[in-house]
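Please keep the sequence and the structure open while reading.

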Amino acid sequence: MKPDDIITTATSSITTPISPSTTISTTTTTTSTATTTTTTTTTLISTTITTTPQSVWYDTRSMNNARYQHISCVLMNGKVLVISGESDYGGFVNNSELYDPLTETWTTTGKMNDARREHTASILTDGKVLVVGGYNGNRLTSAELYDLSTETWLAVGNMNYARSDHTAVTLPNGKVLVTGGYGNTYLNSSELYDPSSETWTISGEMKYSREHHTVSLLPNGKVLATGGYGGIYLFGNSYLVSTELYDTSTGNWTTTGKMNSVRYEHRASLLPDGRVLVTGGRI
């Protein structure tokens with residue numbers, strides 16, 4: 001629940017580089033050469049210029065519809081697709097919009113079959129967008145595909161478990177792995193979506209139930225799940241410090257090293273050197 005005094009907005013902002021700041025340093029080197037009759041002095045002055053890139057934020061055009069707890073993704077054509085969510089002015093919304101960075105404008109696109117928030121969106125290898133699960137008064141099993149060429153949504157096979165606040169990641173083999181979330185309880189289940197058949201199959205269970213966690217696809221093809229919240233048991237809240245690895249070749253999860261701090265609603269970023277940076281969150 002969000003506080004009553006928070007208003008849902010349709011505004012958007014963008015950051016862009018501006019002229020870099022410049023620092024100039026000067027080094028003076030003096031050398032002397034002496035002979036029996038003459039002393040020659042040579043002075044070399046070298047200058048080093050260091051530039052520091054800077055950025056600035058500015059407002060761009062507002063969306064057509066205010067929303068929160070929505071999802072956005074960058075499409076293969078460079079546009080940004082914003083999907084569903086909830087609005088103070090109309091409850092759950094099933095509309096979606098496209099942002100064109102060249103014109104900095106928003107246009108409405110196809111409506112989803114099911115309005116939803118707390119869902120996931122995954123880019124498939126063919127450029128289509130798979131939206132899964134979420135909440136619209138009920139936890140959802142439904143999944144839909146967005147086709148950029150027609151700007152329409154198509155309902156595909158339902159998941160085996162209703163879930164919201166889960167995670168989804170597209171694997172190197174083109175399938176989509178969905179993990180955890182909340183259904184009628186906190187979930188440790190995972191499922192695989194096969195784009196060729198548009199169907200779901202149950203995969204291995206995580207050791208710990210978790211929602212509001214993160215997943216990262218590692219360079220070796222495995223998937224790292226970190227943190228999250230697993231409900232209340234043993235007279236306490238299960239805010240998680242644990243992490244697990246999913247092996248795409250076996251479909252199994254194994255526990256790996258614990259983080260230093262428990263956290264949920266955090267973020268994880270895969271770095272160029274293969275490490276994963278986990279930031280922020282709640283406990």
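Does N64 count as buried, partly exposed or exposed, and why? N64 counts as partly exposed because its relative accessibility is 47%. Here buried means under 20% relative accessible area, exposed means over 50%, and partly exposed is in between, with a 1.4 Å probe and protein chains only.

The model is predicted: local features need pLDDT of at least 70, side-chain atom pairs count only at pLDDT 80 or more, and totals for chains, interfaces and linings use all residues. Residues are numbered from 1 along each chain as its sequence is written, and side-chain values use heavy atoms, with hydrogens and water left out.

**Surroundings of N64**

N64 sits in the loop between β2 (39-60) and β3 (71-74). Strands (E, at least two residues) are DSSP runs, as are helices (H or I, at least four), and they are numbered from the N terminus. Once neighbours within four places in sequence are set aside, N64 has contacts with E97, W106, T107 and T108; a contact means heavy atoms within 4.5 Å. From N64 to S96 the C-alpha to C-alpha distance is 9.5 Å, while 32 residues separate them in sequence.

**Salt bridges**

A salt bridge is a side-chain nitrogen of Lys or Arg within 4 Å of a carboxyl oxygen of Asp or Glu. By this rule there are 9 salt bridges.

| Glu | Arg | N to O distance |
|---|---|---|
| E144 | R116 | 2.9 Å |
| E191 | R163 | 2.9 Å |
| E244 | R210 | 2.8 Å |

E144 forms a salt bridge with R116. This pair links distant parts of the chain, 28 residues apart: E144 belongs to strand β11 (residues 143-147), and R116 to the loop between β8 (105-109) and β9 (120-123). Both E144 and R116 are buried.

The side chains of E191 and R163 also meet in a salt bridge. Distant parts of the chain are again linked, with E191 in strand β15 (residues 190-194) and R163 in the loop between β12 (152-156) and β13 (167-170), 28 residues apart. E191 counts as buried because its relative accessibility is 0%, and R163 counts as buried at 0% relative accessibility.

R210 and E244 meet through their side chains in a salt bridge. Here the link joins distant parts of the chain, 34 residues apart: R210 lies in the loop between β16 (199-202) and β17 (214-217), and E244 in strand β21 (residues 243-247). R210 and E244 are both buried.

Elsewhere, a network of salt bridges links E86, R117 and E118.
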